[in-house]
Amino acid sequence: MRILVIGSGAREHALLLGLSKDPAVSELHVVPGNAGMASLATLHEGKVDSPAEMAQLATKLGVDLVVVGPEIPLVAGVADALREAGIAVFGPSKEAAQIEGSKKFAKDVMAEAGVKTAHAETLDPGADNIDETLDRFGPIWVVKDDGLAGGKGVVVTEDRVAARAHVEAVHQAGNPVLLESYLDGPEVSLFCLVDGETVVPLLPAQDHKRVRDNDEGPNTGGMGAYTPLPWLPEDGVQRIVDEVCVPVARQMVKRGTPYSGLLYAGLAWGREGIAVVEFNCRFGDPETQAVLALLKTPLGVLLNSVATGTLAEQPPLEWEDGYALTVVLAANGYPESPRTGDVIRNADSEQVLHAGTALRNGELVSAGGRVLNVIGTGSTLADARNAAYAVIKDIELDGSHYRSDIALPAVEGRISL
């Protein structure tokens, strides 16, 4: 099986690594890729949010399957163009990808499916009732950009002035704002393979969004994640599937926009049970890196079964015992104004996945905000933490930073429902 992966981050690096271990996969390509992927796949140039260009590249390469990593190509309709060209693709249609592309669309689907989520109100650009609407929320304000923002379009704050400032910033960018009630409880990320009404969950994970230790600082695309969750009830995953993912999948079919691909449910498990924080239409980053590190089932065959409508025929997923954890190494100035072009040293471990990297005059340099991911696995979550931090501490990148507390609350037993 010849596979093309679209994307250039650590998530796509993890996908390529998993695909490379599948005996059914004979050839791997990636567009645009990054400096760390060259040993796994042939790199190609291309505009990943151009449906016509991606369909042309996949046709030229004669691939059997395309795996779309990021949300932007999916929302742009790349999967539709590939399907029209007769190429199997792992990723939802443009219309179904609105589950992430439009917060309002997602809220409508959840309301129709009877899925619990936060109360929300929309403020369109030019609205003259910003203060009046803000008055109906708090004391913690959740302000979301109703569009794609790479995981950084959300502000959660007790500062009303900061909440209003984010409303104005989003409006200046031309996007509507969604104000939401705050959901309490620890967050859970659950990835589900979805093929129409067939839903198969992967391992549950938890990511760390804030840039600094102790969940301080601004939101980011994710500074680290771990899986599975020792504090989740034994029936926790099944409850999420039954209460959230299956009803949403059925509602998408009922709407005439059946879902095919990876449905990422971001959830809060609070005093009143499970509630949806957000949906994403693709594998999440950085949770994917940890989750795929424990997957034993051949990844290429699995993703192809979703793309070809045969997921229901697949045997139960198999997983390695133990835990996996990923820690993100970020560039100087991330997330506000990351600096690029700095030389990276001591990053040649097989535990290192590349995100924002490039080669310059034969040297590995930073080329993005989140530069590298380091994976650790172990029989206990503490062992997985130790394995990751033992590697990341030796990587050299001027001014770089990472969180030192990924999964630490779980290890110390400080998370409970």
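Mentor: What follows is a conversation about the chain as a whole, then some of its residues, helices and strands.

Trainee: What kind of model is this, and how are residues numbered?
Mentor: This is a predicted model, in which local features need pLDDT of at least 70 and side-chain atom pairs count only at pLDDT 80 or more, whereas totals for chains, interfaces and linings use all residues. Residues are numbered from 1 along each chain as its sequence is written, and side-chain values use heavy atoms, leaving out hydrogens and water.

Trainee: How many helices and strands does the chain have?
Mentor: There are 13 helices and 23 strands. These are DSSP runs numbered from the N terminus, with helices being H or I of at least four residues and strands E of at least two.

Trainee: Why is the chain described as being as compact as a globular protein of that length?
Mentor: Its radius of gyration is 20 Å, close to the 22 Å that the globule rule gives for 417 residues, so the chain is as compact as a globular protein of that length. The radius is taken over C-alpha atoms, and the rule is 2.2 Å times the number of residues to the power 0.38. Along the principal axes, the C-alpha atoms fill a box of roughly 60 × 50 × 45 Å.

Trainee: And what share of the residues is buried?
Mentor: Of the 417 residues, 55% count as buried. Buried means under 20% relative accessible area, exposed means over 50%, and partly exposed lies in between, with a 1.4 Å probe and protein chains only.

Trainee: What share of the contacts comes from residues 24 or more positions apart?
Mentor: Such pairs account for 68% of the contacts with a separation of 6 or more, where contact means heavy atoms within 4.5 Å.

Trainee: Let us move to Met54. Where does it sit, and is it buried or exposed?
Mentor: Met54 belongs to helix α2, residues 51–61. Met54 is buried, since its relative accessible area is 1%.

Trainee: Which residues does Met54 touch?
Mentor: Leaving aside residues up to four places away in sequence, Met54 touches Ile6, Val31, Gly46, Lys47, Val48, Val78 and Leu82. The C-alpha atom of Met54 is also separated by 8.0 Å from that of Ala81, 27 residues apart along the chain.

Trainee: What about α11: why is it called largely enclosed?
Mentor: Eight of the nine residues of helix α11 (residues 299–307) are buried, so the helix is largely enclosed by the rest of the structure. Among them are Leu299, Leu302 and Val306. After α11 comes Gly309, which has a positive phi near 75°.

Trainee: Now the strands. How are β15 and β16 joined?
Mentor: Strand β15 (residues 260–270) runs antiparallel to β16, with seven bridges between them, and a hairpin of two residues connects β15 to β16. Two strands pair if DSSP finds at least two bridges between them. Asn280 in β16 is the bridge partner of Tyr264. Six of the eight residues of β16 (residues 273–280) are buried.

Trainee: Which strands pair with β17?
Mentor: Strand β14 (residues 224–227) pairs with β17 in the antiparallel sense over four bridges, and eight bridges join β17 to antiparallel strand β22 (residues 370–378). Val327 of β17 is the bridge partner of Gly224, while Thr326 stands opposite Ile375 in β22. Seven of the eight residues of β17 are buried, so β17 is largely enclosed by the rest of the structure.

Trainee: Finally, is Glu336 buried or exposed?
Mentor: Glu336 counts as exposed, at 60% relative accessibility, and lies in the loop between β17 and β18. Glu336 and Pro218 are 118 residues apart in sequence, yet their C-alpha atoms are 8.7 Å apart in space.
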